[in-house]
Amino acid sequence: MNSIESFFTSLESLLNQASSMAVVLLLRAAWISCTLPLLAAFIPSPQFSAFRRFLLLLAGRGKIMDSSSTRFSVPQRYFCHFYIVGFIWTTFLLVPTWIYAYKTAPVVSESSLYSVIASHLTGVSQEFSFRNSHSSMGESKYGIWNSVFLLLLMEAQVLRRLIESIYVFKYSPSASMHIAGYLTGLFFYTAAPLSLCCTYSVEVFKLVANLLAEFIVKGKDRMQVTEPSFREYVYPLLQLKWYAWIGAAFFFWGWIHQYRCHAILGSIRENGNKVNEYAIPEGGWFEYVSSPHYLAESVIYGGLVIASGFSDITIWLVFVFTVANLSLAAGETHRWYVRKFDKYPRNRCAIIPFIY
């Protein structure tokens, strides 16, 4: 009997691993299929010029929107839909992933945590890793807490963007974006949060399904519920490796600068005398590039790559897509500024200072 149970347990484990790998591979295939056309658009060959124009037509929005594509457009204020979806979806992923991490990883003792903190404050080298301590949870257990950390960062990003889309940006009533760009945005803010925890997504959703089934069968009063302390949910995050905190520092560096750039753009619209009036943005990173908010977003997703330990291919693909997509849009925005304003600063680049 035990051998049969062991067989089915092993089979279930293999099926879970296969399902998780399928999710990971599907996400990677999606990111690659979306990124390759963007990279092809940068090839400096006449044979790709028509393809590049086609991509720019699909990516058009606001001031770089082609008048011929307005038939297939939606109001640019629909940008807030991205962040509504992103916030709801990221929260939906974060909460069960955090619960899963809590249930599958041992709680860190306070004495162990204090000794780790003390050793770092006194300059003693000690790796922020669970496997080298008394409360070791193994590399896979560390990974799930790292996913929780990445989702927390993503939550901070989509929440700030949602607030900005409501209170900071002043979209012109006539501003629009191509429906293809709108659908791409919805895809991004669905796939990007999932990419941060895709390795554990099947196990997480299985846990949620089991808890839901238990609730339906037993009811709230008969379920075995334990009240976890704040320490049990937060302390494992404080033991993440050094690269998680370096990545978080990069993330919030870009996060703060993107807010400043958006505030500058919002103030231009707010202070404009006409609905469709444009002005040259000045201040902050605008002194170096035409689209510093895109540069800041690249830094943000680069921070996620660093925080993941540089080892997650899926997160790398998210980053490459982000940079390629924003670089294409930034190049077109820069050319629009140059055409629009005779006295536009010639020392500004599109998105990367002194390079592009």
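The structure is a predicted model, in which local features need pLDDT of at least 70 and side-chain atom pairs count only at pLDDT 80 or more, while totals for chains, interfaces and linings use all residues. Residues are numbered from 1 along each chain as its sequence is written, and side-chain values use heavy atoms, with hydrogens and water left out.

**Helices α3 and α6**
- The axes (lines fitted to C-alpha atoms over the stretch in contact, with angles from 0 to 180 degrees between N-to-C directions) of helix α3, residues 79-104, and helix α6, residues 179-195, come within 9 Å and cross at roughly 20°; helices are DSSP runs of H or I with at least four residues, numbered from the N terminus.
- The two helices α3 and α6 are therefore roughly parallel to each other, a label given to angles under 35 degrees.
- Contact, meaning heavy atoms within 4.5 Å, involves residues including Phe82, Trp89 and Leu93 of α3 and Tyr182, Leu186 and Tyr189 of α6.

**Cysteines**
- A search of the whole structure finds zero disulfides, a disulfide being a pair of cysteine sulfur atoms within 2.5 Å.
- Cys34 counts as partly exposed at 27% relative accessibility, whereas Cys349 is buried, with a relative accessible area of 15%; buried means under 20%, exposed over 50% and partly exposed in between, with a 1.4 Å probe and protein chains only.

**Thr333**
- Thr333 lies in helix α11, residues 313-340, and counts as buried at 7% relative accessibility.
- Not counting residues up to four places away in sequence, Thr333 touches Lys63, Ile64 and Ser291.

Conventions: Parallel < 35°, antiparallel > 145°, perpendicular 65-115°, else oblique.
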